[in-house]
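Welcome! Let us walk through this structure together, starting with its overall plan and then moving to its details.

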Amino acid sequence: MNYNFDWAVVTSNFDRLMGGLLVTVEISLITIVLSMILAVPVAVARMSPITVLRWLAQIYIEIFRCTPMLVQLFWIFYALPALTGVTLPGFTSAVIALTANLTAFMAEAYRSGFQAVPVEQIEAGQMLRLTSFQRLRYIILPQALRQQVPVILSLNISMFKDTALVSTIAVADLMFVANTISAQSYRALEVFTVAAAIYFVVAFPASLITNHLERRMQQSGQRVPGRRKPIRALVAASKGEVN
């Protein structure tokens with residue numbers, strides 16, 4: 001079967017595709033920033049000696065890890081307004097659903113990094129009379145983030161691709177715009193090929209960086225990255241932060 005390609009449909013609608021990409025990137029950036037912040041208290045609660053906090057954090061994590069992203073998105077957009085009486089815009093619903101999902105996965109990545117921090121460094125912070133927050137800020141969090149950078153980047157790449165699901169609740173992202181153009185022009189092959197290429201162009205460099213970081217960490221012989229910096233932070237904290 002011969003198919004006559006017509007790329008004019010792409011060139012004539014390229015501005016619309018770029019507008020959709022802008023919405024996709026905006027949702028992705030907001031979700032990543034919020035998730036990286038919110039995952040810290042969730043990870044801390046997951047490791048808490050307080051049983052109630054630990055179980056609440058685990059229940060939250062398992063709910064979002066064990067249910068499909070599309071179901072979560074529909075629940076936030078359709079079910080939550082029925083429960084609360086407050087109707088949320090599609091963009092807001094998308095950010096809430098994606099952030100809640102990514103936070104759950106990010107919290108587990110953080111927890112893994114927290115547990116890999118050498119115990120002697122935490123004990124050193126205790127000897128310097130650092131508070132729990134100061135130990136988290138100066139010792140645990142910097143090392144955990146460095147060690148888990150490849151995992152964090154992989155999660156962010158997956159989330160960027162998952163933003164295509166927000167088109168199902170009429171958010172005008174790249175996938176929604178591509179689907180609209182395809183329906184109007186009957187040129188699904190050209191439109192969706194270009195849409196896939198745009199996703200690839202954005203995600204592939206991040207994937208290369210992730211692979212590079214993973215190789216570097218393997219070649220380091222499982223050494224904990226950034227080990228010296230927390231020690232300097234301890235000294236600075238003992239001089240300026242601790243009475």
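Helices (H or I, at least four residues) and strands (E, at least two) are DSSP runs, numbered from the N terminus. Read from that end, the elements of the protein run α-α-α-α-α-α-α-α-α-α-α, which is a count of eleven helices and zero strands. Please keep in mind that this is a predicted model, in which local features need pLDDT of at least 70 and side-chain atom pairs count only at pLDDT 80 or more, while totals for chains, interfaces and linings use all residues. Residues are numbered from 1 along each chain as its sequence is written, and side-chain values use heavy atoms, with hydrogens and water left out.

How much of the protein is buried? Buried residues make up 40% of the 243 residues, where buried means under 20% relative accessible area, exposed means over 50%, and partly exposed lies in between (1.4 Å probe, protein chains only). The protein exposes about 13,600 Å², with carbon and sulfur atoms supplying 65% of that area; accessible areas come from the Shrake-Rupley method with a 1.4 Å probe, and for residues only the protein chains shown count as cover. Contact means heavy atoms within 4.5 Å. Among contacts between residues at least 6 apart in sequence, 78% join residues at least 24 apart.

Now for the interior. A nonpolar core is a set of buried Ala, Val, Leu, Ile, Met, Phe, Trp, Tyr and Cys residues joined through side-chain atoms within 4.5 Å. The largest one here has 42 residues, and Ile27, Ala94 and Met106 are among those with the most contacts inside it. Helices H2 (14-46), H3 (51-65), H4 (69-84), H5 (90-116), H7 and H8 each supply at least two residues of this core, and H5 gives the most, with twelve residues. Leaving aside neighbours within four places in sequence, isoleucine 27 is in contact with several residues, including Phe91, Ala94, Val166 and Val171. A second, separate core of 16 residues includes Phe160, Leu174, Ile181 and Ala195.

Apart from its neighbours within four places in sequence, threonine 210 is in contact with Pro150, Leu153, Ser154 and Ile157.

Next come the aromatic rings. Rings of Phe, Tyr and Trp (its six-membered ring) pair if their centres lie within 6.5 Å; planes under 30 degrees apart count as stacked, over 60 as edge-to-face and the rest as tilted. The count comes to seven aromatic pairs. Phenylalanine 77 and tyrosine 78 are edge-to-face, at 4.8 Å centre to centre and 80 degrees between the planes. Phenylalanine 200 and phenylalanine 204 are stacked, at 4.9 Å and 15 degrees. Because they are four residues apart in helix H10, phenylalanine 200 and phenylalanine 204 are separated by about one helical turn. Phenylalanine 204 is partly exposed, with a relative accessible area of 39%. Ring pairs also link Tyr3, Phe5 and Trp7 into a cluster.

Finally, which backbone angles stand out? Most residues other than glycine have a negative phi. Alanine 170, however, has a positive phi of about 65 degrees; alanine 170 sits in the loop between H8 and helix H9 (174-185) and is exposed, with a relative accessible area of 53%. Tyrosine 186 has a positive phi of about 60 degrees. This tyrosine lies in the loop between H9 and H10 and is exposed, with a relative accessible area of 73%.
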